[in-house]
Amino acid sequence: MSESLLGRSFFGLSSEYRIVLLDEIYYLCKMVNMSYSDVMSMPTYERKYFINKLVEELNKKNEEYEKRKK
């Protein structure tokens with residue numbers, strides 16, 4: 001890989017993005033029961049869609065729980 005003028009590798013992922021990616025993989029594997037290879041082979045927009053749907057579902061469940069709690 002070649003180095004850019006800023007010293008970073010052009011095609012490398014930043015460490016912040018790697019953590020976000022690993023978190024997304026973890027949650028999709030754990031909570032949606034997707035396999036690691038399935039998550040890694042899907043396009044970014046698809047992975048983001050599933051993450052957003054999971055967040056929506058969890059928020060809805062939390063709201064319902066809070067309503068019942070009162």
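Start by selecting Lys61 and Glu57: both sit in helix α3, four residues apart, about one turn of the helix. Their side chains meet in a salt bridge at 3.4 Å, N to O; the term means a side-chain nitrogen of Lys or Arg within 4 Å of a carboxyl oxygen of Asp or Glu. Lys61 is partly exposed at 48% relative accessibility, and Glu57 is partly exposed too, at 43%. On this tour, buried means under 20% relative accessible area, exposed over 50%, and partly exposed in between (1.4 Å probe, protein chains only).

A word on what you're looking at: this is a predicted model, where local features need pLDDT of at least 70 and side-chain atom pairs count only at pLDDT 80 or more, while totals for chains, interfaces and linings use all residues. Residues are numbered from 1 along each chain as its sequence is written, and side-chain values use heavy atoms, with hydrogens and water left out.

Stay on helix α3 and pick Glu64 and Arg68, again four residues apart and separated by about one helical turn. They form a salt bridge, with the closest N and O atoms 3.8 Å apart. Glu64 is partly exposed at 34%, whereas Arg68 is exposed at 64%.

Now zoom out and colour by secondary structure. Helices (H or I, at least four residues) and strands (E, at least two) are DSSP runs, numbered from the N terminus. Of the 70 residues in the protein, 14% are buried.

Which residue does Lys48 form a salt bridge with? Select Glu24: the closest N and O atoms of the two are 2.6 Å apart. Lys48 lies in helix α3 (residues 44-69) and Glu24 in helix α1, so this pair ties together parts that are 24 residues apart in sequence. Glu24 is buried, with a relative accessible area of 8%, while Lys48 is partly exposed at 30%.

Next, the aromatics. Rings of Phe, Tyr and Trp (its six-membered ring) pair if their centres lie within 6.5 Å; planes under 30 degrees apart count as stacked, over 60 as edge-to-face and the rest as tilted. That rule gives two aromatic pairs. Select Tyr26 and Tyr27: their ring centres are 5.2 Å apart and the planes stand at 75°, so the pair is edge-to-face. Then jump to Tyr49 and Phe50, with centres 5.8 Å apart and planes at 75°, so this pair is edge-to-face as well. Tyr49 is partly exposed at 48%, and Phe50 is partly exposed at 28%.

Val32 is in the loop between α1 and α2 (36-41), partly exposed at 33%.
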